[in-house]
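Hello,

Please find the structure we spoke about below.

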Amino acid sequence: MQQAILRCSALTKAYGRTLALDHIDLEVFSGRIVGLLGPNGSGKTTLIKLANGLLSPTAGEILIDGRRPGVETKRLVSYLPDKEYLNNWMRVGDLVDFFADFYIDFDRERAVEMLAHLNISTADRLKDLSKGNREKVQLILVMSRRARLYLLDEPIGGVDPAARDYILRTIITNYSPDSAILLSTHLIADVEKVLDDVVFIDRGRVALTASVDYIREEKGKSVDELFREVFRC
């Protein structure tokens, strides 16, 4: 029986009296691209931070390849946060070198090739790039690792529509069948075509888990249409 690369069991995270996550049960398996979808404040970023070991659960359990998040799981997880975090004074080439030194699974050739496709020079300083190009650099660095689990928090939120297709193709083609991707976004119509499964999360609870094929064939709707129906204001 295949083991889930990410498993949550009654996972709960509280901030004082506020429950950011409320007894979440979830499994993500290798070879799947999973959309983590929900309104702002629904708990998406909290779940991703817990999986990356940046937060600790209040109750319940989260496991990465059968292990609790920690030093051992860092080599399995490649994480793209929803905020910029790289040093603006560094050149793009310096960042490639930094990732190559820091991560044994980093593919330098892949990173340089993707940067060239997007016309981003390794000689450019990060601070001189547009916001969209800075976000592209971050995504390229994350996807150039050969990780088991990619955690992508709003990977296309700040890029122009013309670049989204390339970035989504990059996500599809740069992970192996032994890996999984958990992708959080509010741009559902844009990412729907690359998703295998979706998890709808609302006020810290899972509202729906389903394959995209099931939603289309059994519900007769697109993921975007079903999302709008479930989360109608």
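Which residue lies over the face of Tyr15? That residue is Lys13, and its distance from the ring centre is 5.5 Å. Please keep in mind throughout that this is a predicted model.

Aromatic pairs

There are eight aromatic pairs in the structure. In one of them, the ring centres of Phe99 and Phe106 are 5.8 Å apart and the ring planes meet at 55°, so this pair is classed as tilted. Phe99 and Phe106 are both buried.

Another pair is made by Phe200 and Phe231, with ring centres 5.7 Å apart and planes at 55°, so it too is tilted. Phe200 belongs to strand β8 (residues 197–202), while Phe231 is in the segment after α9 (223–230), so the pair ties together parts that lie 31 residues apart in sequence. Are these two residues buried or exposed? A residue counts as buried when its relative accessible area is under 20%. Phe200 has a relative accessibility of 0%, so it is buried. Phe231 has 14%, so it is buried as well.

Phe99 and Phe106 also belong to an aromatic cluster, which they form with Phe98, Phe102 and Tyr103.

The largest pocket

The volume of the largest pocket is about 440 Å³. Its lining has 21 residues, and those closest to the pocket centre are Val77, Phe99, Phe102, Tyr103 and Arg145. Among these, Phe99, Phe102 and Tyr103 are members of the aromatic cluster described above.

Which elements contribute to the lining of this pocket? Strand β5 (77–80) and helix α3 (92–102) each supply at least two residues. The largest share comes from α3, with four residues. Sorted by class, the lining has 14 nonpolar, three polar and four charged residues.

The second largest pocket

The second largest pocket has a volume of about 170 Å³. Its lining is made up of Gly38, Pro39, Asn40, His186, Leu187, Ile188, Ala189, Asp224, Phe227 and Arg228. Both α7 (188–191) and α9 supply at least two of the lining residues. The most comes from α9, which gives three residues. By class, five of the lining residues are nonpolar, three are polar and two are charged.

Regards

Conventions. Residues numbered from 1 in each chain as written. Predicted model: local features only at pLDDT ≥ 70, side-chain atom pairs only at ≥ 80, totals over all residues. Heavy atoms only, no water. Phe/Tyr/Trp six-rings, centres within 6.5 Å; stacked < 30°, edge-to-face > 60°. Buried < 20%, exposed > 50% of the residue type's maximum accessible area, 1.4 Å probe, protein only. Lys NZ or Arg CZ within 6 Å of the ring centre and 35° of its normal. 1 Å grid on protein atoms, 1.4 Å probe; cavity = no way out; pocket = protein on both sides within 12 Å on 5 of 7 lines; lining within 4 Å. Points joined across faces, edges and corners; volume = space filled by probe spheres on them. Nonpolar A, V, L, I, M, F, W, Y, C, P; charged D, E, K, R; others polar.
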